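Here is a short tour of a protein chain for someone meeting its fold for the first time. Take a look at the sequence and the structure, then read on.

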Amino acid sequence: MLESTFDPVRMIRPRRRITGVSAILLPFAADGSIDWPGFRGHVLRTAEAGLTPAVNMDTGYVNLLDEATRKQVLDETRTVLGSRSFVAGAFVADRPGGPFDRDAYLREIEFIQQFGGTPVIFQSMG
């Protein structure tokens with residue numbers, strides 16, 4: 001039998017600061033356009049509530065957005081938050097059975113970091 005090195009008692013740190021992260025929905029207007037004022041407001045309210053905004057996540061339809069829109073999401077987020085932190089989804093589209101595309105992930109990670117975000121790696125098929 002393998003012994004676990006996980007010891008929940010040792011992991012407890014009383015009065016530590018907890019970091020909360022909340023995914024931001026990318027809202028769309030009735031005409032199908034992106035509701036940028038609504039998005040900016042959601043990002044700001046989330047940060048002001050003490051949570052770290054998470055953009056370009058599955059709730060933001062990252063798998064359906066083109067690169068220009070993902071970039072605008074990052075740009076709008078950085079503009080709204082100033083120097084405050086945020087996280088963003090690093091999504092790589094591939095097909096079942098395809099190889100792992102390390103270079104594509106590295107490009108997505110760098111893309112997010114250019115805006116000062118912390119990448120959240122989405123799983124892929126490869």
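## A helix to start with

Helix H2 is built from 13 residues and spans 18 Å from its first C-alpha to its last, close to the 18 Å expected at 1.5 Å a residue. That expected span is 1.5 Å times one less than the number of residues in the helix. Helices (H or I, at least four residues) and strands (E, at least two) are DSSP runs, numbered from the N terminus.

This is a predicted model, in which local features need pLDDT of at least 70, side-chain atom pairs count only at pLDDT 80 or more, and totals for chains, interfaces and linings use all residues. Residues are numbered from 1 along each chain as its sequence is written, and side-chain values use heavy atoms, with hydrogens and water left out.

**More about helix H2**

- At the start of H2, a side-chain oxygen of Asp-35 comes to within 2.9 Å of the backbone nitrogen of Gly-38. This is a polar contact, meaning a pair of N or O atoms within 3.5 Å; within protein, one must be able to donate a hydrogen and the other to accept it, and residues adjacent in sequence count only if both atoms are side-chain atoms.
- Trp-36, Phe-39, Gly-41, Val-43, Thr-46 and Ala-47 are the buried residues of H2. Here, buried means under 20% relative accessible area, exposed means over 50%, and partly exposed lies in between (1.4 Å probe, protein chains only).
- What covers these buried residues? The cover includes E1, E2 and H3. 
- H2 covers residues 36–48 and lies across E1 and E2, running at about 145° to E2. For such values, axes are lines fitted to C-alpha atoms, for helices over the stretch in contact, and angles run from 0 to 180 degrees between N-to-C directions.
- After H2 comes Gly-50, with a positive phi near 95°.

**The sheet**

- Four strands form an open sheet in the order E1-E2-E3-E4, with parallel pairing. Strand E1 (21–23) and strand E4 (118–121) are at the edges with a single partner strand each, so one side of each has no neighbour in the sheet. From one strand to the next, the twist averages 30°.
- Strands of a sheet pair through backbone hydrogen bonds, either parallel or antiparallel. In this description, two strands pair if DSSP finds at least two bridges between them.
- Strand E2 (residues 52–55) pairs with strand E3 (residues 87–90) in the parallel sense over two bridges. Across this pair, Ala-54 stands opposite Val-87 in E3, and Val-55 stands opposite Ala-88 in E3.
- How many bridges join E3 and E4? Their parallel pairing runs over four bridges, and Gly-89 stands opposite Val-120 in E4.
- E3 is covered on both faces: Val-87 and Gly-89 on one side are buried, and so are Ala-88 and Ala-90 on the other.

**Two helices side by side**

- Two packed helices are described by the angle between their axes and the distance between the axes.
- Helix H3 (residues 67–81) packs with helix H4 (residues 102–113) at an angle of about 35°, and their axes are 10 Å apart. Glu-67, Arg-70, Lys-71 and Leu-74 of H3 make the contact with Glu-108, Phe-111 and Ile-112 of H4. Contact means heavy atoms within 4.5 Å.
- By class, this contact has three nonpolar, no polar and four charged residues. Ala, Val, Leu, Ile, Met, Phe, Trp, Tyr, Cys and Pro count as nonpolar, Asp, Glu, Lys and Arg as charged, and the others, Gly among them, as polar.

- Pro-27 is in the loop between E1 and H2, and it counts as buried because its relative accessibility is 18%. Pro-27 and Phe-39 are 12 residues apart in sequence, with 6.2 Å between their C-alpha atoms.
- Glu-76 sits in helix H3. Is Glu-76 buried or exposed? At 15% relative accessibility, Glu-76 counts as buried. Leaving out residues up to four places away in sequence, Glu-76 touches Trp-36, Phe-39 and Arg-40.

**Two positive phi values**

- Most residues other than glycine have a negative phi, and most peptide bonds are trans.
- Arg-15 has a positive phi near 65°. Arg-15 lies in the loop between helix H1 (8–11) and E1, and at 82% relative accessibility it counts as exposed.
- Asn-56 has a positive phi near 55°. Asn-56 is in the loop between E2 and H3, and at 5% relative accessibility it counts as buried.
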